[in-house]
Amino acid sequence: SRVTISEVVADLLDEQLVIELGTRADARPGKPATMLDVNRQGHSIIGLDLSSSGSFVGVVTDLDGVVVARAEVDNPQASGDAAVRAVETLLQDLVALAPCPVLGAGVGTPGIVDDRGVVVSAPNLGWRDVPLQERLIAVCGLPVAVANDANAALVGEHSFGQGRPDTILVRIGRGVGSGLMIDGRVVGGGRHAAGEIGHVVVGTDEGEPCACGNRGCLETWLAMPRIEAHLAEPGADPDAVLAEAGRRLGIVLAPIVSALNLAEVVLAGPNADISAPLLAAVESTVRDRTLADTHGDLRLRMTELGRDLVALGAVVLVLRGRLGVA
């Protein structure tokens with residue numbers, strides 16, 4: 001009823017989530033209608049990205065996802081509880097930078113994350129069963145949503161980029177992970193680990209030891225610290241290093257693309273000077289290993305959202321959880 005609608009709008013106005021834009025010129029008799037809009041600058045949202053190899057980064061945005069402030073905490077060797085404390089410090093810094101009341105904070109973190117915001121396992125951060133969401137709520141007193149960084153990136157790409165509804169997004173940073181979307185829905189899996197491709201062993205040549213305790217995992221070829229180390233070796237051929245990393249990723253992706261009939265593969269994380277040769281190797285490997293009749297129109301590309309992709313995806317987690325906006 002009109003009375004109910006008026007009461008709901010009044011509550012939204014009191015909470016500064018909605019603003020009045022004035023009356024609408026109307027030829028109908030009676031009181032002119034009042035135009036309303038979301039108060040896009042009335043609240044701030046915080047998004048944290050814990051996937052970079054050298055630092056934890058975060059942004060403060062308005063409700064449209066426009067970045068109004070940034071902060072970061074260096075953490076080249078941080079792990080275990082020290083890494084958690086670094087995240088807590090970053091969150092507090094971002095809350096202090098927010099120009100208006102904070103609606104909530106979202107976090108994209110490497111590793112397997114359950115529905116309660118517990119990081120079940122993140123080998124590169126030395127985390128196992130870390131109640132990250134609970135600890136951050138205790139620090140800031142705000143609603144906090146925690147998700148796997150690749151899933152956060154996938155949500156960011158779908159909301160702010162050009163993501164298709166049947167997509168796999170591969171996030172390359174401190175480690176390697178992927179987010180999987182089928183028919184517009186993020187796939188979590190039975191144990192919250194759908195898309196965890198970083199610790200799939202690639203090939204039969206053993207390879208280097210991995211943080212998980214195995215050898216030859218995809219991360220040993222593709223994680224940014226590993227790529228940078230290989231590129232820094234004396235006499236290293238950059239094109240050969242990147243092509244091999246891309247080939248190994250293509251080997252892992254081909255059966256996933258084929259089994260799920262995906263429309264798109266998106267890469268996120270590598271900087272511009274290495275993305276082109278790496279992506280070319282991924283594309284040629286995937287196409288060589290899949291059937292052209294069913295995957296000939298597969299699109300492989302880099303994200304265009306750049307360094308803020310994971311953080312913006314974390315912002316979407318808050319919009320979805322707090323306001324029901326996706």
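**Exercise 1. How many cavities of 30 Å³ or more does the structure hold, and which residues line the largest cavity?**

Step 1. On a 1 Å grid over the protein atoms alone, a cavity is a set of points where a 1.4 Å probe fits but cannot get out. Rolling a probe the size of a water molecule over the atoms shows where empty space is left.
Step 2. The structure holds 1 cavity of 30 Å³ or more.
Step 3. The volume of the largest cavity is about 30 Å³, where a volume is the space filled by probe spheres set on the points, and grid points are joined across faces, edges and corners.
Step 4. Lining residues have an atom within 4 Å of a point. For the largest cavity they are Gly111, Ile112, Val113, Asn148, Asn151, His192, Ala193, Ala194 and Glu196.

The model is predicted: local features need pLDDT of at least 70, side-chain atom pairs count only at pLDDT 80 or more, and totals for chains, interfaces and linings use all residues. Residues are numbered from 1 along each chain as its sequence is written, and side-chain values use heavy atoms, with hydrogens and water left out.

**Exercise 2. Find the pairing partners of strand E8.**

Step 1. Strands (E, at least two residues) and helices (H or I, at least four) are DSSP runs, numbered from the N terminus. Two strands pair if DSSP finds at least two bridges between them.
Step 2. Strand E7 (residues 112-113) is antiparallel to E8 (residues 119-122), with 2 bridges. Val113 stands opposite Val119.
Step 3. Between E7 and E8 the hairpin has 5 residues, and Gly117 takes a positive phi near 80 degrees.
Step 4. E8 also pairs with strand E9 (residues 127-130), in the antiparallel sense over 3 bridges. Here Val130 is the bridge partner of Val119.
Step 5. The hairpin of E8 and E9 has 4 residues between the strands, and Gly126 in its turn has a positive phi of about 65 degrees.

**Exercise 3. In what order do the 5 strands of the open sheet lie, and which are the edge strands?**

Step 1. The order is E13-E12-E11-E14-E15, with mixed pairing.
Step 2. Strand E13 (185-186) and strand E15 (299-302) are the edge strands, as each pairs on one side only.
Step 3. Strand E14 (residues 264-268) runs parallel to E15, and 4 bridges join them. Val265 has Leu300 in E15 as its bridge partner.

**Exercise 4. Is Ser55 buried or exposed, and what does its side chain meet?**

Step 1. Ser55 is found in strand E4 (residues 55-61).
Step 2. Ser55 counts as buried because its relative accessibility is 9%; buried means under 20% relative accessible area, exposed over 50%, partly exposed in between (1.4 Å probe, protein chains only).
Step 3. Leaving aside neighbours within four places in sequence, Ser55 is in contact with Glu72, Val73, Asp74 and Asn75. Contact means heavy atoms within 4.5 Å.

Key. On a 1 Å grid over the protein atoms alone, a cavity is a set of points where a 1.4 Å probe fits but cannot get out, and a pocket is an open set with protein on both sides within 12 Å along at least five of seven lines; lining residues have an atom within 4 Å of a point.
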